[in-house]
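Student: I have a model open and would like to talk through its side chains with you. Could we go step by step?

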Amino acid sequence: MYETIETSVEGRVATIRFNRPKALNALNSQVLEEVLDAATKYDADPAIGCLILTGNERAFAAGADIAELNEQDYASMYASNFFTGWDRIAALRIPKIAAVSGYALGGGCEVAMMCDIILAADTAKFGQPEVKIGCIPGIGGSQRLTKLVGKARAMDLILTGRMIDAQEAYDMGLISRKIPADELLSVAKETAETVAGYARDITMMARACVNAADENSLENGIRFERQMYHALFGSPAQQEGMTAFLEKRKPNFNEQPELEDA
């Protein structure tokens, strides 16, 4: 069905794998269209509780496709609102995990930062090297990187274009965990299965609250969290989770009875 990605589903976990190995998984318009199509379907499917984005051993994605970009001018970039489709992927409510091995540079690093959790192999390399080709980050890199690692480190990476390894990425807070390369996918799947095992509406609400911290003052963020917290009471997930705790059993979030009519 797809030419530039591979997709699979195991239980409640869906995986999208970038599949342009000869181009180190460079991100072009076709990749965007296919990822958006697949990810949107998974986001709308109540049977899917978590999404993994990954590449291959050599590269998660080595950046945007320069050959495609070099054909553009201001008018074409503005008219098409180039890259805007990636914003739609970032906005999907399903929890997303980036499993990064090899290069995650430029657009590849930016797509990883769209995910809620970044798991990186010890072979991973990150960077925003756009300055080296007379450009700047264009898929949110200057914004997300600054929020994740702070202004000083973001300035360092973006203005020098230097590449960092997984250890430095972990030390500065860019990634969640550094994992031996041969264990990356198994850890990513285990993590995704854990997330997917919880109630989907609750994990969506939880990630919305964390994301709100970037967009609001502390006071407004707490207000938003409190509204979400109050709203979940009476939901099947809340009733099952708390009842199971009191009954000293494991909750079953994915086979909950419907709420009785008031």
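This is a predicted model: local features need pLDDT of at least 70, side-chain atom pairs count only at pLDDT 80 or more; totals for chains, interfaces and linings use all residues.

Student: Where does Arg162 sit, and is Arg162 buried, partly exposed or exposed?

Tutor: Arg162 is found in the loop between α7 and β9 (163-165). Its relative accessible area is 28%. Buried would need a value under 20% and exposed one over 50%, so Arg162 is partly exposed.

Student: How far apart are the C-alpha atoms of Arg162 and Phe126?

Tutor: Phe126 is one of the residues that Arg162 touches. Along the chain the two are 36 residues apart, while their C-alpha atoms are separated by 8.7 Å.

Student: Which residues are joined with Arg162 into one network?

Tutor: Start from a general point: side chains of opposite charge can pair when their charged atoms come close. The contacts of Arg162 include Asp156 and Glu168. Salt bridges that share partners make one network of Arg162 with Asp156 and Glu168.

Student: How many residues apart in sequence are the parts that the Asp116 and Arg207 pair ties together?

Tutor: The closest N and O atoms of Asp116 and Arg207 are 3.0 Å apart, and the two form a salt bridge. Asp116 lies in the loop between α5 and β7 (117-121), and Arg207 belongs to helix α10 (residues 200-215). Asp116 is partly exposed at 30% relative accessible area, whereas Arg207 is buried at 13%. The pair therefore ties together parts whose separation in sequence is 91 residues.

Student: How far from Glu68 is the nearest side chain of opposite charge?

Tutor: Glu68 is placed in helix α2 (residues 66-69), and its contacts, not counting residues up to four places away in sequence, are Asn28, Ser29 and Phe82. Glu68 is buried yet has no salt bridge. The nearest side chain of opposite charge is that of Arg20, and the distance is 7.2 Å.

Student: Within what arc do the buried residues of α6 fall?

Tutor: In helix α6 (residues 141-149), the buried residues are Gly141, Leu145 and Val149. An α-helix has 3.6 residues a turn, so residues three or four places apart point the same way. The buried residues of α6 pack against α5 (107-114) and α7 (151-160). Seen down the axis, they line one face of the helix because they fall within an arc of 25°.

Student: Which residues make the nonpolar surface patch of about 300 Å²?

Tutor: One member lies in the loop between α11 (218-231) and α12 (236-246): Phe233. Phe233 is partly exposed, at 39% relative accessible area. The patch is made by Phe233 together with Tyr229 and Met242.

Terms used:
Residues are numbered from 1 along each chain as its sequence is written. Side-chain values use heavy atoms; hydrogens and water are left out. Helices (H or I, at least four residues) and strands (E, at least two) are DSSP runs, numbered from the N terminus. Buried means under 20% relative accessible area, exposed over 50%, partly exposed in between (1.4 Å probe, protein chains only). Lys and Arg count as positive and Asp and Glu as negative; His and the chain ends are not counted. A salt bridge is a side-chain nitrogen of Lys or Arg within 4 Å of a carboxyl oxygen of Asp or Glu. Contact means heavy atoms within 4.5 Å. The arc is that of the directions from the helix axis to the C-beta atoms. Patches are made of residues with over 30% relative accessible area and no salt bridge: like charges are joined within 9 Å, nonpolar side chains (Val, Leu, Ile, Met, Phe, Trp, Tyr) within 5 Å. Accessible areas come from the Shrake-Rupley method with a 1.4 Å probe; for residues, only the protein chains shown count as cover.
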